[in-house]
Amino acid sequence: MARITLDHIRHAYGPNPKSEKDYALREVDHEWNDGGAYALLGPSGCGKTTLLNIISGLVQPSHGRILFDGKDVTDLSTQQRNIAQVFQFPVIYDTMTVYDNLAFPLRNRGVAEPEVDRRVREILEMIDLSGWANRRARGLTADQKQKISLGRGLVRSDVNAILFDEPLTVIDPHMKWVLRSQLKRLHKQFGFTMVYVTHDQTEALTFADKVVVMYDGEIVQIGTPAELFERPSHTFVGYFIGSPGMNFMPARVEGNAVRMGGETLTLDYAPKTTGATKTELGIRPEFIRIGREGMPITVIKVEDIGRLKIVRAQFAGQPLAIVTSEDAEIPSEARVTFEPTAIGIYADSWRVGREA
Ligand SMILES: Nc1ncnc2c1ncn2[C@@H]1O[C@H](COP(=O)(O)OP(=O)(O)OP(=O)(O)O)[C@@H](O)[C@H]1O
């Protein structure tokens, strides 16, 4: 397994990129730990697959270098990089048996038959296809074929990293959950470096130790699920993670005072917003208390979602979502308070710290 260094990577698909918008991937400069499980999360078109393909060697970056354990592999092919990849759709040999499909990557590298047999049987068990070992792959369902693809990605233990590009798209919802848990278990057991592309936050948050959130060709935050929830670095992370997403409201910051419409909040620090063209206050719906104390809101509607309620309201001329317990009382003249430690101030979309 390897530590992966992305050294000032940029990529444009067209020739002669002139401005930032010509780049599918803007500056990416990070180091990913050996044995880490990373999920690349972001909306369609944000550059996830481009970055994954740069790591695997399918795409040559326009600028920058990629290193495995400090060794420059930018000019090496996928095969030379010793990477296993699982794509969105099955990549298997229809005429081979399920067993031979799984054995193929091992036999290809000259692994001895007893070891091939041990690994293949282990993987067959994991993907729940032990009873199908001698069946030809042709005629299996799309779901079963994708499980074989997944198994082929996992069968070798000597790879530098395993890369997954939305591998569970064609798998039915229950099996998705099972396979995701197994991947996690396998990661714990063998310590593979894994990179997993998805646009599904549940998939990313349950699979990864570190989630890499991408937006518009950039990595906007790398963090544990808790860090992304509690301290989003960028407004996009706030919107994208959580349901409903974080509330953001235009705010005017003057020293410790934050003004939103006619309301003023006083923080215990002065946020560093000098020079910003847009400043916002961010607060997650889970950290707003509703009751008779605090700042007035107008309740628009209340959605019952089982053990919780989502209150949709208007606050200082802006929409505000609040999550409360199912039995919380919502007074007719409702007011809100914000949990002070959960408030974030954002300048031009980026979270800011205190004024020096
Ligand atoms: N081969 C290509 N040639 C030209 N432009 C491309 C190519 N592949 C991707 N792009 C563009 O690069 C940008 C990033 O695409 P990429 O596929 O990396 O995003 P993604 O986050 O993986 O999206 P998705 O979830 O839809 O796969 C998009 O604007 C896309 O249109």
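**Sheets and a helix pair in a predicted model**

Three strands line up in the order β12-β13-β14 to form an open sheet, with antiparallel pairing; strands here are DSSP runs of E of at least two residues, and helices are runs of H or I of at least four, numbered from the N terminus. Two strands count as paired if DSSP finds at least two bridges between them. The model is predicted, so local features need pLDDT of at least 70 and side-chain atom pairs count only at pLDDT 80 or more, while totals for chains, interfaces and linings use all residues. Residues are numbered from 1 along each chain as its sequence is written.

At the edges of this sheet lie β12 (252-254) and β14 (263-266), each pairing on one side only. From one strand to the next, the twist averages 25°. Strand β13 (residues 257-260) is joined to β14 by four bridges, and V258 stands opposite L265 in β14.

Turning to the helices, α3 (residues 98-107) and α4 (residues 113-126) pack at an angle of about 130°, their axes 9 Å apart. Axes are lines fitted to C-alpha atoms, for helices over the stretch in contact, and angles run from 0 to 180 degrees between N-to-C directions.
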